[in-house]
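Subject: Structure for you to look at

Hello,

Here is the structure I promised to pass on. My notes on what turned up follow below it.

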Amino acid sequence: MDEVLLLTRAFAFAAEKHVHQRRKGANAEPYVNHLAEVAHLLAVAVHGRDANLVAAGLLHDVLEDTQTTRDELAATFNEDIAALVSEVTDDKSLPKQERKRQQVVHAPGKTDRAKMLKLADKTSNLRDLAASPPADWSTERRLDYVRWGRDVVAGLRGVHPWLETQFDDAAATAERAL
Ligand code: NDP
Ligand code: ZN
């Protein structure tokens with residue numbers, strides 16, 4: 001598929017699927033803002049040369065947070081995008097705490113492109129935490145979230161230094177804002 005068509009289709013698809021969701025920050029930003037940020041970080045990271053990865057950035061939360069299925073992604077986009085999004089999707093049958101632990105354990109075994117996608121996602125979440133933290137999160141809980149993000153990212157290093165720097169800057173800023 002032509003790359004402009006692919007990316008605009010992914011953006012429209014994600015916007016529609018997440019239409020009723022908001023971010024958890026005090027400002028309740030539209031969910032799509034997070035998807036746009038993750039996709040743009042990836043686009044810069046690959047110098048515009050991996051449209052499937054950028055599309056997966058737009059779509060990275062549809063399996064976890066909407067009714068979308070992997071088959072639907074494969075049919076609407078392609079197998080590479082469906083596989084990438086699946087790789088960054090938690091097993092929702094597990095309790096929250098266990099899902100968080102599994103992210104740390106499984107990070108080192110992800111493919112390089114999934115590692116980049118997870119780095120971009122964690123970077124965006126820590127930027128959000130600094131700029132618009134969930135109002136009901138105590139300082140301790142925010143601190144826990146930054147620590148957990150660092151633990152996950154420890155297993156994602158060695159693939160893309162620039163994305164790692166973006167994450168490290170976001171983590172440092174989030175900690176200063178606490
Ligand atoms: P999470 O801790 O999973 O919420 C963080 C996730 O919400 C992010 O990974 C991100 O995921 C998304 N998100 C949306 N908006 C924001 C934002 N503005 N800033 C940062 N992240 C945002 O929260 P849950 O509500 O699911 O909480 C459950 C977990 O929290 C449990 O593990 C529980 O044990 C723990 N907890 C810890 C406490 C503490 O004091 N330490 C207290 C209570 C619970 P995405 O990109 O996928 O949208
Ligand atoms: Zn996300």
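Asp50 and Arg113 form a salt bridge through their side chains, at 2.9 Å from N to O. The model is predicted, so please read every value here as computed from it. The pair links distant parts of the chain: Asp50 sits in the loop between H2 and H3, Arg113 in helix H8, 63 residues apart. Asp50 is buried, with a relative accessible area of 16%. That falls under the 20% cut-off for buried. Arg113 is partly exposed, at 26% relative accessibility. Asp80 comes in as well: Asp50, Asp80 and Arg113 are linked in a network of salt bridges.

The structure holds 14 salt bridges.

- Arg127 and Glu37: the side chains meet at 3.0 Å, N to O. Arg127 lies in helix H8 and Glu37 in helix H2 (residues 31–45), so the bridge ties together parts that are 90 residues apart in sequence. Arg127 is partly exposed at 29% relative accessibility. Glu37 is partly exposed too, at 22%.
- Glu72 and Lys17: this salt bridge spans 3.0 Å, N to O. Glu72 lies in helix H5 and Lys17 in helix H1 (residues 3–17), so the pair joins parts that are 55 residues apart in sequence. Glu72 has a relative accessible area of 29% and is partly exposed. Lys17 is partly exposed, with 28%.

Next, the metal site. Which residues coordinate the zinc ion (ligand 2)? The donors are His34 (NE2), His60 (NE2), Asp61 (OD) and Asp121 (OD), at 2.2 to 2.4 Å. Their spacing in sequence is H-x25-H-D-x59-D. Asp61 lies in the loop between helix H3 (51–59) and helix H4 (62–65), and Asp121 in helix H8 (residues 112–131), so these two tie together parts that are 60 residues apart in sequence. Both Asp61 and Asp121 are buried.

On the surface, Lys24, Lys92, Lys96 and Arg141 gather in a patch of positive charge. Lys96 belongs to helix H7 (residues 96–106). Its relative accessible area is 56%, so Lys96 counts as exposed.

One last contact. Arg70 lies in helix H5 (residues 70–76). Arg70 is partly exposed, with a relative accessible area of 33%. Arg70 and Ala83 are 13 residues apart in sequence and 8.0 Å apart in space, C-alpha to C-alpha.

Best wishes

Technical notes: Residues numbered from 1 in each chain as written. Chains lettered and ligands numbered in written order. Predicted model: local features only at pLDDT ≥ 70, side-chain atom pairs only at ≥ 80, totals over all residues. Heavy atoms only, no water. Patch = residues over 30% accessible without salt bridge, like charges linked within 9 Å, V, L, I, M, F, W, Y side chains within 5 Å. Areas by Shrake-Rupley, 256 points an atom, 1.4 Å probe, with all protein chains shown as cover. Salt bridge = Lys/Arg side-chain N within 4 Å of Asp/Glu carboxyl O. Lys, Arg positive; Asp, Glu negative; His and termini not counted. Charge placed at Lys NZ, Arg CZ, Asp CG, Glu CD. Helix = DSSP H or I, 4+ residues; strand = E, 2+ residues; numbered from the N terminus. Buried < 20%, exposed > 50% of the residue type's maximum accessible area, 1.4 Å probe, protein only. Donors = N, O, S within 2.8 Å, 3.2 Å for Na, K, Ca; no water.
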